[in-house]
Amino acid sequence: PTATATPSGTAQPNQYEIHGTGFPNGMVTAPVGTTYVDTAVTNGALKWIKRRGNDNKGWEVLTGDTGWCTLNIQSKLGNSFLKVRRKNDTVTYQFGGLQWGWFGIVRRGGSGYTPQASDRERNCFILMAQKIPMGFRSESSLIGEFYNDKGKRYGTWYLAGPSDGNHLRFQFDDPIPTDSDIGDIRVSSISYLTSEPWPVTLP
């Protein structure tokens, strides 16, 4: 549900910090430069700043941390997980769940395996289209590498921006096996800035 801000005082031109509960956008009128502290720390957002206008819009999070949120992913092996966290304007991902902190995918054609159409033998979805949550999305598409436990490259991860459907996929260099799972994946860092509004709901 959308948070409703309840300010504890009326915003005057010389009153530059307001305390209340809930998100201030659409609820709290103040001049540019005013800060607002949400004493409920709704969805991890503690402190906001008024960046634009003299109405009740233009509030952005100054200090916030969603904590690690576990996403509903495809193609995963066993207890593998993908978590996402937003701290202020920075989004970071964490892969793991298997022994030694490994991440894994099931064999091609196995239960839960979801191929990606541009190369069905080598590409699989981790997050389907539009499954990167609102408030955590990248403004552009990004790419990086993932490896086995010894650092040998398995392939690339591709995080799609809005123009390509807000999804995350693995692109293996070699065809994904149909007779064995891959359970020793190490993923290079995925971290980026976002200008999306603070998430109204957490994953």
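Modeller: What follows goes from the chain as a whole to the individual charged pairs.

This is a predicted model, in which local features need pLDDT of at least 70 and side-chain atom pairs count only at pLDDT 80 or more, whereas totals for chains, interfaces and linings use all residues. Residues are numbered from 1 along each chain as its sequence is written, and side-chain values use heavy atoms, with hydrogens and water left out.

The protein chain has zero helices and 15 strands, where helices (H or I, at least four residues) and strands (E, at least two) are DSSP runs numbered from the N terminus. Along the principal axes, its C-alpha atoms fill a box of roughly 70 × 35 × 30 Å. Of the 203 residues in the protein chain, 42% are buried, a term for under 20% relative accessible area, with exposed meaning over 50% and partly exposed in between (1.4 Å probe, protein chains only).

As for charge, the protein chain carries 21 positive and 18 negative charges, and their mean positions lie 3 Å apart; Lys and Arg count as positive and Asp and Glu as negative, while His and the chain ends are not counted, and each charge is placed at NZ of Lys, CZ of Arg, CG of Asp or CD of Glu.

Side chains of opposite charge can pair when their charged atoms come close. A salt bridge is taken here as a side-chain nitrogen of Lys or Arg within 4 Å of a carboxyl oxygen of Asp or Glu, and by this rule the count comes to twelve.

Another salt bridge joins Arg-153 and Asp-173, whose closest N and O atoms are 2.9 Å apart. This pair links distant parts of the chain, 20 residues apart, since Arg-153 sits in strand E12 (residues 153-159) and Asp-173 in the loop between strand E13 (168-172) and strand E14 (182-187). Both ends are partly exposed, Arg-153 with a relative accessible area of 37% and Asp-173 at 35% relative accessibility.

Finally, a network of salt bridges links Arg-51, Arg-52 and Glu-60.
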